[in-house]
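Dear colleague,

I am passing on to you the structure below, which you have not worked with before. Please look through it first, and then read the notes that follow it.

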Amino acid sequence: MKNHIFFFALVLETAAFAAPLSTTPSPVDCVRVNPAGIKRLWQGISPTVKEWEQGKRTETLEWFKENQFGRTPIGRLKDQKIEESAVVFEDSGIRINITCRLPEGASAANPVPVFLFGDHRGGNKPPYAQEEYPNIPTNAITARGYAYVRWNFNDVCPNVSNWGGMSRWPMGIIAWQAVGDKTATNIVRKANSWGTIGAWAWGNSRVMDWIETRPELDAKRVAVVGHSRGGKTALWTAAQDERFAMAVSNGSGCGGASLGRARGAKAESIKAILKNFPNWFCPAMANLIGRDAELEHDADDLLRLIAPRLVYVGSGSEDIWAGPESEKAAVDSARDLYRAYKLEERIGYHCHKGPHKLLPVDWEKFMDFADIHMKKPSSRDSDQIEGMMNSALEKGERELTIGKNPL
Ligand code: GTR
C-alpha cells in the first residue's frame, strides 16, 4: 500500500514537471511548468525576503552583469557638470540634453513626481538626429501632476541598429571609457563589457543626478520609462540604480520583460536579437543562444531586481515579436517576491489592443498605476515601505538600499 502511494505521488510529480511547453502557453502554465533539467533559481519555490536580500539578489544582479548587459564600468564622472538643461562631461565632450515640462504648481515647496523618458528615436544616420518619439501625451502627463523629463539615447551612445562589426559607428561613452575617444569605432570588448543598453542605463542615472539637483522635482518619486530597446534599458536602469522609485517597460520583449521559458513560437529569440543587435548586450550573451527556455535567470528575475520598488510592464496584443503573453508571464512569476514583501500591488501590467507601439493609452495606464503609489498622500509611501522592509528583515541584518545610489 505504502508503495502504491509512493508510486502515485511520483507519477503526479513527474506529470507536473514533464508537461511540455506549448508554443503559446498561457501565463499560468508558463510559471508553473518547470521542465526537468532546467536550472532555475527558485525551482518553483517563492523566495523569502531574507533569502533575496541576503545573497540571492546580489547573485542575480551579478548574473545579468556577466551574461546579459555587461558590467557598468563607470558611475558619476569627475568632470560631470550639471547645467540648467544638460549634464555635460568636459573630458569626453559628451553632453546629455534634457527637456523638462513641469505641471502647474511645481516648486521647491511642492516637488512633483517625475516620468523620466529615455527616448531611443533617431540615430541610424550620423549626426544622430534628436528625433522624438511620436505622440507622447505631455499635456496629459503634466495635467495629472507629473513632470515629464526627456533625453535622447544618442547623446550618450549612438542608437544604431548594429555596429556593423563595430567598425563603422562611433561608440560614444563606451569608446571614451575604453580608449578615451568617443568617436572611436573598433573597440575590443571583453566577454562582460557593457553594450549600448548598459550605456543608455548609465545615461538614465546621470539624468537622475540632474533631477536630484532640481528642487521642484521629487527625486524620491521618479519613474524611468522606455519603449522597446528603451524598455529593456528602463528595467536595467532600475535594477542597478536603486534611486529610481519605479520602472516602466513597454513592449520590451526579448532581453527585457519577456520570459524566455514562455516564449511564443513567433517571438524574438536570443539568437535573433544578437544577430540584429549584438551591440546592445555583452559579448558573453552569445553563450545563451538556443537556451531561451532554460536560462538560469530569466526576465522574471530582472523584474525581481527592482522589488519592492514599483515595476510596471506594458504590452501590445499584436506585438507577437515581443510576446505579450511572455511579458505577462514574467510579471506573474515575479509577483511571488512582491508577495513575500507583502507589497503585491506594487507590480502591474496591462496590454493595449494593437501593435508594437508606445501609445497615449499606455501613458494613461502608467499614470493610473503611479497615481496609486507615487502620489501624496500615498497609502504606501517610501517611509512606510522602509518600515515594512525593516519588519520583514531581522533588525540590523542588512542596510536598506532604497534611495541609495550604487553607481
Ligand atoms: C525590434 C527588436 C526588439 C525591440 C525593438 C526596438 O525589432 O527585435 O528587441 O526592442 O526592435 O527597440 O526597436
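**What was found**

Leaving aside residues up to four places away in sequence, Ala223 touches Val114, Phe115, Leu116, Ala245, Met246, Val248 and Ala370, where two residues are in contact if their C-beta atoms, placed from the backbone, lie within 7 Å. Before going further, please note that this is a predicted model, in which local features need pLDDT of at least 70 and side-chain atom pairs count only at pLDDT 80 or more, while totals for chains, interfaces and linings use all residues. Residues are numbered from 1 along each chain as its sequence is written.

Ala223 and Val114 are the residues with the most contacts inside the largest nonpolar core, which has 98 residues. Helix H6 gives the most to this core, with nine residues. Such a core is a set of buried Ala, Val, Leu, Ile, Met, Phe, Trp, Tyr and Cys residues joined through C-beta atoms within 7 Å. A residue is called buried if 20 or more other C-beta atoms lie within 10 Å of its own, exposed if 12 or fewer, and partly exposed in between, again with C-beta atoms placed from the backbone.

As to the chain as a whole, the secondary structure of the protein chain comes to 12 helices and 10 strands, taken as DSSP runs (H or I, at least four residues, for helices; E, at least two, for strands) and numbered from the N terminus. Of its 407 residues, 46% count as buried, and among the contacts with a separation of 6 or more, 71% are between residues 24 or more positions apart.

Helix H6, which covers residues 196-212, has 17 residues and reaches 24 Å from its first C-alpha to its last, close to the 24 Å expected at 1.5 Å a residue (the expected span is 1.5 Å times one less than the number of residues). Because 15 of the 17 residues of H6 are buried, this helix is largely enclosed by the rest of the structure.

Asp155 lies in the loop between strand E6 (147-152) and helix H5 (172-179), and it is buried, with 24 other C-beta atoms within 10 Å. Not counting residues up to four places away in sequence, Asp155 touches Ile94, Arg95, Ile96, Asn97 and Gly203, and its C-alpha atom is separated by 9.1 Å from that of Trp200, 45 residues apart along the chain.

Which residues surround the ligand? They are Ser228, Arg229, Gly253, Cys254, Glu268 and Ile273, a residue being near a molecule if its C-beta atom, placed from the backbone, lies within 6 Å of it.

Ser228 has a phi near 60 degrees, a positive value in a residue other than glycine; its place is in the loop between strand E7 (217-227) and helix H7 (229-240), and it counts as buried, with 21 C-beta neighbours inside 10 Å. Asn135 likewise has a phi near 60 degrees, but this residue, placed in the loop between strand E5 (112-119) and helix H4 (138-143), counts as exposed, with 11 C-beta neighbours inside 10 Å. The peptide bond from Ala307 to Pro308 is cis, with omega near 0 degrees, and Pro308 is found in the loop between helix H9 (299-304) and strand E9 (310-316). As background, most residues other than glycine have a negative phi, and most peptide bonds are trans.

With kind regards
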